[in-house]
Amino acid sequence: QVQLVESGGGLVQAGGSLRLSCAASGPTFSRYSMGWFRQAPGKDREFAAAISWRGNTCYADSVKGRFTISRDNAKNTVYLQMNSLKPEDTAVYYCAANRGSTMSTMPNYWGQGTQVTVSS
């Protein structure tokens, strides 16, 4: 069983930055692909970014060039650095963990979510 706890959300003005963190429990963190999804009010949850256990990354087109995902296997933590934030980035951001080398749209584990609000 893997537990994921997100932190770092908050309110920021457009153009600002935030860094989300996701701390994972369990001794096999390095074997999981990790990712961030987000869900805006009235919309479906969508993929934002992912990083494999080898460190390969991928991003949704909507965040590419502005967001950076990284992981620290020694700390069992994955990060999402968000720069040049836009009001349309406002959403609840969820950390996800998936066994294996790639992220899934239905990952094995979800965090509880952290709210990010970008004011115009």
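**Figure 1. Arg45 and the ring of Trp110.** In this predicted model, the charged end of Arg45 sits over the ring of Trp110, at 4.4 Å from the ring centre. Trp110 has a relative accessible area of 32% and is therefore partly exposed. A second contact of this kind involves Arg71, whose charged end lies over the ring of Phe29, 4.6 Å from its centre.

**Figure 2. An aromatic cluster of Phe37, Phe47, Tyr94 and Trp110, linked by ring pairs.** A pair of aromatic rings is described by how far apart the centres are and by the angle between the planes. The structure contains four aromatic pairs. One of these joins Phe37 and Phe47 in an edge-to-face arrangement, with 5.6 Å from centre to centre and 75° between the planes. This pair connects distant parts of the chain, since Phe37 belongs to strand β4 (residues 32-39) and Phe47 to strand β5 (residues 46-51), 10 residues apart. Phe37 is buried, with 5% relative accessible area, whereas Phe47, at 27%, is partly exposed. The rings of Tyr94 and Trp110 are also paired: their centres are 6.3 Å apart and their planes meet at 85°, so this pair is edge-to-face. Tyr94 is in strand β9 and Trp110 in strand β10 (residues 109-110), so the pair ties together parts that are 16 residues apart in sequence. Tyr94 has 14% relative accessibility and therefore counts as buried.

**Figure 3. The disulfide of Cys22 and Cys95.** A disulfide is a covalent bond that joins the sulfur atoms of two cysteines. The structure holds one disulfide. The sulfur atoms of Cys22 and Cys95 are 2.1 Å apart, and the link is left-handed, with -85° about the S-S bond. It connects distant parts of the chain: Cys22 is in strand β3 (residues 18-24) and Cys95 is in strand β9 (residues 91-99), 73 residues apart. Cys22 is buried, at 0% relative accessibility, and Cys95 is likewise buried, at 0%.

**Figure 4. Cys58, a cysteine too far from the closest cysteine sulfur for a bond.** Cys58 is partly exposed, with a relative accessible area of 39%.

**Figure 5. The largest cavity and its lining residues.** The structure has one cavity of 30 Å³ or more, and the largest cavity holds about 30 Å³ of space. Its lining consists of Val2, Leu4, Ala24, Ser25, Thr28, Phe29, Tyr32, Met34 and Ala97. Seven of the lining residues are nonpolar, two are polar and none is charged.

Methods. Residues are numbered from 1 along each chain as its sequence is written. This is a predicted model: local features need pLDDT of at least 70, side-chain atom pairs count only at pLDDT 80 or more; totals for chains, interfaces and linings use all residues. Side-chain values use heavy atoms; hydrogens and water are left out. On a 1 Å grid over the protein atoms alone, a cavity is a set of points where a 1.4 Å probe fits but cannot get out, and a pocket is an open set with protein on both sides within 12 Å along at least five of seven lines; lining residues have an atom within 4 Å of a point. Grid points are joined across faces, edges and corners, and a volume is the space filled by probe spheres set on the points. Ala, Val, Leu, Ile, Met, Phe, Trp, Tyr, Cys and Pro count as nonpolar, Asp, Glu, Lys and Arg as charged, and the others, Gly among them, as polar. A disulfide is a pair of cysteine sulfur atoms within 2.5 Å. Helices (H or I, at least four residues) and strands (E, at least two) are DSSP runs, numbered from the N terminus. Buried means under 20% relative accessible area, exposed over 50%, partly exposed in between (1.4 Å probe, protein chains only). Rings of Phe, Tyr and Trp (its six-membered ring) pair if their centres lie within 6.5 Å; planes under 30 degrees apart count as stacked, over 60 as edge-to-face and the rest as tilted. A charge sits over a ring if NZ of Lys or CZ of Arg is within 6 Å of the ring centre and within 35 degrees of the ring normal.
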